[in-house]
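Please keep the sequence and the structure in view while reading.

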Amino acid sequence: MAGAEASGWSVMRGMETYQRVLDGDLLIRSLTTDDLPQALLIERQGHSYPWAETLFRDCFRANYRLWAACHGDLLVGYAVVAYMFDEAHLLNLCVDPRWQGQGAGRQLLRHLLSEAAREQMAQTILEVRLSNDTAHRLYMVEGFEEIGRRPDFYPNGNGREDARVMALQFPA
């Protein structure tokens, strides 16, 4: 009987591990207008100065790529990228605060970079607040380099804040 209980425990633990793996998986897919209510909620929670719904809706055009990170039916993050000539410009990447620090932002970033490379973009550029050390570190680790600054680019509580301009070149 003890052996049967032990093997039952082993199967149960294996199922728990399997379920944790399933639960941890994120699906990256295209963001749709049906996702906007969830995206706007994440945007308001993740940014001091969130985008308006009209700005999001304006990005559903041929030269934009909008990506959703989903855990089952739950949207946990998104990215908005504008394609201009041979350049992908990351305009917005935001992860639900409850999912931050778990790799969703990195997975979204890597996905949008691989898609930009696949679509033969020469580089991806972005702006990031000087005060956003977490995002800056992520971009640096993923291969971006600071190429300049945009003075007074972002609104903040004291007026305006500079942005770092960062770029990642794709191999020719």
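## Burial and the model

A residue is called buried if its relative accessible area is under 20%, exposed if that area is over 50%, and partly exposed in between. By this cut-off, both Glu161 and Arg129 are buried. The model is predicted.

Glu161 and Arg129 also form a salt bridge, with 2.9 Å between the closest N and O atoms. Glu161 belongs to strand β7 and Arg129 to strand β5, so the bridge joins distant parts of the chain, 32 residues apart.

## Other salt bridges

Across the whole structure, 13 salt bridges are found. One of them joins Glu142 and Arg110, at 2.9 Å from N to O. Here too distant parts of the chain are linked: Glu142 sits in the loop between α5 and β6 (145-156), Arg110 sits in helix α4, and the two are 32 residues apart. Glu142 counts as buried because its relative accessibility is 15%, whereas Arg110, at 47%, counts as partly exposed.

Arg29 and Asp35 form a further salt bridge, in which the closest N and O atoms are 2.8 Å apart. Arg29 has a relative accessibility of 28% and therefore counts as partly exposed. Asp35, with a relative accessible area of 6%, is buried. Salt bridges also link Arg65, Glu115, Arg118 and Glu119 into a network. Arg65 has a ring contact as well: Arg65 lies over the face of Tyr83, 4.2 Å from the ring centre.

## Aromatic pairs

The structure holds 4 aromatic pairs. One of them is formed by Phe56 and Tyr78, edge-to-face, with 5.4 Å from centre to centre and 75 degrees between the planes. Because Phe56 lies in helix α3 (residues 53-58) and Tyr78 in strand β3 (residues 74-84), this pair ties together parts that are 22 residues apart in sequence. Phe56 and Tyr78 are both buried.

Tyr139 and Phe144 make another edge-to-face pair, at 5.6 Å centre to centre with 65 degrees between the planes. Tyr139 counts as buried because its relative accessibility is 8%. Phe144 is at 1% relative accessibility and so counts as buried too. Elsewhere, ring pairs link Trp51, Phe56 and Tyr78 into a cluster.

In soluble globular proteins, nonpolar side chains tend to be buried together. In this model, the largest nonpolar core has 29 residues, and those that touch the most other members are Leu90, Leu93, Leu109, Leu112, Tyr139 and Phe144. At least two residues of this core come from each of β2 (64-71), β3, β4 (87-95), α4 (104-118), β5 (123-129), α5 (133-141) and β7 (159-169). Helix α4 gives the most, with 6 residues. Apart from this core lies another, of 17 residues, including Leu31, Tyr64, Cys70 and Val80.

Which residues does Phe144 touch, not counting residues up to four places away in sequence? They are Leu109, Leu113, Thr124, Leu126, Tyr139, Met166, Ala167 and Leu168. Among them, Leu109 and Tyr139 are also named with Phe144 as residues that touch the most other members of the largest core.

## The β6–β7 hairpin

Strands β6 and β7 form a hairpin, with 2 residues between them. Their pairing is antiparallel and runs over 8 bridges. Within this pairing, Arg160 in β7 is the bridge partner of Pro155.

## The loop between α4 and β5

Met121 lies in the loop between α4 and β5. With a relative accessible area of 10%, Met121 is buried. Setting aside neighbours within four places in sequence, Met121 is in contact with Tyr83, Phe85, Asp86, Glu87, Ala88, Ala116 and Phe170. Of these, Phe85 is 36 residues from Met121 in sequence, and their C-alpha atoms are 7.9 Å apart in space. Tyr83, another of these contacts, is the residue whose ring face has Arg65 over it.

Methods
Residues numbered from 1 in each chain as written. Predicted model: local features only at pLDDT ≥ 70, side-chain atom pairs only at ≥ 80, totals over all residues. Heavy atoms only, no water. Phe/Tyr/Trp six-rings, centres within 6.5 Å; stacked < 30°, edge-to-face > 60°. Helix = DSSP H or I, 4+ residues; strand = E, 2+ residues; numbered from the N terminus. Buried < 20%, exposed > 50% of the residue type's maximum accessible area, 1.4 Å probe, protein only. Lys NZ or Arg CZ within 6 Å of the ring centre and 35° of its normal. Core = buried A, V, L, I, M, F, W, Y, C linked by side-chain atoms within 4.5 Å. Contact = heavy atoms within 4.5 Å. Salt bridge = Lys/Arg side-chain N within 4 Å of Asp/Glu carboxyl O. Pairing = 2+ DSSP bridges.
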